[in-house]
Amino acid sequence: MCIIFDTLQGALKSERPLNVVFFKTEAGHEPVRAWLQSLPKEDRKTVGGDILSVQYAWPVGKPLVDSLGDGLWEVRSKLDNRIARTLFIIVDEEIVLLHGFIKKTQKTPNDDLDLARRRKKQYRQNYEKE
């Protein structure tokens, strides 16, 4: 893999970025896409830019990305007056976006973690069927 140093971004970049896939429910709904579309334009731009950085520079560490354990990761986006988290897994050179939310407490809420873990399990089960 060829790596390029981008002086404008100040980050290592891969020539071939990872693809991004939105988790789909059985009904075909893409919850992360819907969440992103519900955000104000500037917030959407920030979160999207952070995901793009992960695509080109994976693996990435803090402060942009943190491990939540068991192959679950979070993109940590700082918005004007709040913090967004986008939870994802990596499967065969693809970033699978599982869950997105605005963080209201210091610790990631268990409900959000549990939802992402259920989606991860469902995605892996469906992925293995293909």
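How many residues does helix α2 have, and how far does α2 reach from its first C-alpha to its last? In this predicted model, α2 spans residues 41–57, which is 17 residues, and reaches 24 Å. That is close to the 24 Å expected at 1.5 Å a residue.

D43, V47, D50, I51, V54 and Q55 are buried. An α-helix has 3.6 residues a turn, so residues three or four places apart point the same way. On the other side of α2, K41, E42 and K45 are exposed.

What do the buried residues of α2 pack against? Their partners are helix α1 (31–38) and the strands β3 (19–22), β4 (65–69), β5 (72–78), β6 (83–91) and β7 (94–103).

Five strands form an open sheet in the order β3-β7-β6-β5-β4, and the pairing is mixed. β3 and β4 are the edge strands, each pairing on one side only. From one strand to the next, the twist averages 35°. At the β4 end, β4 and β5 run antiparallel and are joined by four bridges; V65 stands opposite V75 in β5.

Both helices pack on this sheet. α1 touches β3, β6 and β7, and its direction makes about 45° with that of β7. α2 touches β3, β4, β5, β6 and β7, with its direction at about 135° to that of β5.

Terms used
Residues are numbered from 1 along each chain as its sequence is written. This is a predicted model: local features need pLDDT of at least 70, side-chain atom pairs count only at pLDDT 80 or more; totals for chains, interfaces and linings use all residues. Side-chain values use heavy atoms; hydrogens and water are left out. Helices (H or I, at least four residues) and strands (E, at least two) are DSSP runs, numbered from the N terminus. The expected span of a helix is 1.5 Å times one less than its number of residues. Buried means under 20% relative accessible area, exposed over 50%, partly exposed in between (1.4 Å probe, protein chains only). Contact means heavy atoms within 4.5 Å. Two strands pair if DSSP finds at least two bridges between them. Axes are lines fitted to C-alpha atoms, for helices over the stretch in contact, and angles run from 0 to 180 degrees between N-to-C directions.
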